[in-house]
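Trainee: I would like a close look at a single part of this model. Please take me through the strands and the charged pairs.

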Amino acid sequence: MEKRQDINMVELQGVVGTVRMGEIGNGRYVRFSLATNHAYMTEDGTPVIETTWHKCLAFEDKCGCSLDGIVKGAAVHLHGRLRCYRYVDINNTGRSEVEIVVNTLETL
């Protein structure tokens with residue numbers, strides 16, 4: 001029987017939006033939003049820029065860089081993996097979220 005290799009990889013380059021720093025144990029982490037743009041033309045020639053916002057989580061000791069450069073408006077390039085989770089909000093409504101757990105992070 002052949003062993004199956006699963007793949008869960010994401011590569012993004014974009015601009016940082018909101019930023020929330022935190023500490024866990026002796027290390028720091030940052031949760032941030034990242035905007036990526038996709039530009040295209042409609043059939044009638046109208047230019048469209050489609051912006052997608054991504055939720056990202058980076059741990060300073062795992063991503064190989066200082067988190068000090070992760071500020072609103074910074075351009076970054078990252079590699080990571082998708083993580084899906086569920087929770088119940090304050091209105092007792094079930095929610096699902098997808099975030100990128102960052103493996104490598106570089107400010108541009």
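In what order do the strands of the closed barrel run?

Mentor: The order is S1-S2-S3-S5-S4, a closed barrel of five strands with mixed pairing. This is a predicted model: local features need pLDDT of at least 70, side-chain atom pairs count only at pLDDT 80 or more, and totals for chains, interfaces and linings use all residues. Residues are numbered from 1 along each chain as its sequence is written, and side-chain values use heavy atoms, with hydrogens and water left out. Strands are DSSP runs of E, at least two residues; helices are runs of H or I, at least four; both are numbered from the N terminus. Two strands pair if DSSP finds at least two bridges between them.

Take S1 (residues 10-24) and S2 (residues 27-41). They run antiparallel, joined by eight bridges. Val15 has Ala35 in S2 as its bridge partner.

Now the charges. The structure holds seven salt bridges (a side-chain nitrogen of Lys or Arg within 4 Å of a carboxyl oxygen of Asp or Glu). Arg31 meets Glu99, with the closest N and O atoms 2.8 Å apart. Arg31 lies in S2 and Glu99 in S5 (residues 94-107), so this pair ties together parts 68 residues apart in sequence. Glu99 is buried at 2% relative accessibility (buried is under 20%, exposed over 50%, partly exposed in between, with a 1.4 Å probe and protein chains only). Arg31 is partly exposed at 29%.

Arg28 pairs with Glu60 at 2.8 Å, N to O. Here S2 is linked to helix H1 (residues 60-63), 32 residues apart. Arg28, Glu60 and Asp68 form a network of salt bridges.
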